[in-house]
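I opened the model today and kept notes on what I looked up. The entries follow in the order I made them.

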Amino acid sequence: MTTLITVKKLQKTFSYKKKLVHAVDDISFSIQAGDSLGLVGESGCGKSTIGKLLLQLYPPTSGEILFEGCSIAKAPNEKSLRKSIQMIFQDPYSSLNPRMTTEDIIKEPLLIHKIYSSRWAAKERVYELLELVGLSPEHRNRFPHEFSGGQRQRIGIARALALNPKFLICDEPIAALDVSIQMQIVNLLKRLQTQMGLSYLFISHDLAMVKYLCKMVAVMYLGHLVEIAPSQELYRNPLHPYTQALLSAISIPNPDVQKNRSRIVLPGEVPSPMDPPKGCVFCTRCPKVMPICYKERPLQKEMAPGHYVKCHLYN
């Protein structure tokens, strides 16, 4: 299987009030063509920053991002690369221009990249995309405020697919939607992946949805990737104490099983990324903390095929 995205030792720091904010620190992972990676963690841990780094909306402080083996920072044809990597945004209300019709929103990337020589051909492509995401061509002349949240997100997905990308960054695409609509959008993404051979980076808080959609799952905490594993393996055998705490919060739709589960409640607050702990970033809240955790950063170790963890419990 071909590796589509490779991230090597990616780091991003911001300057704030003369201090460095460590948003992303020493992140490495890869995504195979046609696969999806779920990126989970608390708000502010750096998930969306990774998505923006992959899109080159932020330049990395250090590290490397490869797309089909080529560095995106040194891509000879940046416009071609832009067509291959697209993003679905979290908020379908603010990500669509309220003054543009549905047709104009979806057609805009086609015109910018000069995909079609005539506006009629571009219009035909808009009709195809609307039907692909479960909308009707009759919706083409409506404005965003005339749609529900789920319909707006479908328009955002159609816009992202307009240029036939290979890789989609889904930045919490269901977080702003009603629960009844969330599954519809996830099923749509799953169908499109099978139909078009897409690869996803799926950023989400919803661990159940990540398990359903993604083949691989990566867990972030305070800018660090603490565990990454195949989806079934991670949910069956979580190794890092933080991953164990996250999974303990998922409700199981079986009363007999649920009542016998114990919730892992983490003490304290997430440290500031301007002043992270010197050792393991999770040491201030870890229920299994050891003296070495306060002094040294743990190294990443492969515990099973494709299952990596950064924790002194396994070093």
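Which residues does Leu161 touch, not counting residues up to four places away in sequence? I found Arg125, Leu129, Leu132, Val133, Leu168, Leu192, Met196 and Leu198; contact means heavy atoms within 4.5 Å.

Before going on I noted that this is a predicted model, where local features need pLDDT of at least 70, side-chain atom pairs count only at pLDDT 80 or more, and totals for chains, interfaces and linings use all residues. Residues are numbered from 1 along each chain as its sequence is written, and side-chain values use heavy atoms, with hydrogens and water left out.

Next I looked up the largest nonpolar core, which has 58 residues. A nonpolar core is a set of buried Ala, Val, Leu, Ile, Met, Phe, Trp, Tyr and Cys residues joined through side-chain atoms within 4.5 Å. Buried means under 20% relative accessible area, exposed over 50%, and partly exposed in between (1.4 Å probe, protein chains only). Ile157, Leu161, Leu168, Leu192 and Tyr242 touch the most other members.

In α6, the buried residues are Gln182, Ile185, Val186, Leu188, Leu189, Leu192 and Gln193. They lie on the same side of α6 because they cover an arc of only 155° around the axis, taken from the directions from the helix axis to the C-beta atoms. The face turned away from that buried side carries the exposed residues Ser180 and Thr194. Gly197 follows α6 and has a positive phi, near 70°.

Last, I checked Ala176, in the loop between β7 (167-171) and α6 (179-196). Ala176 touches Gln90, Pro92 and Tyr93, not counting residues up to four places away in sequence.

Note on methods. Helix = DSSP H or I, 4+ residues; strand = E, 2+ residues; numbered from the N terminus.
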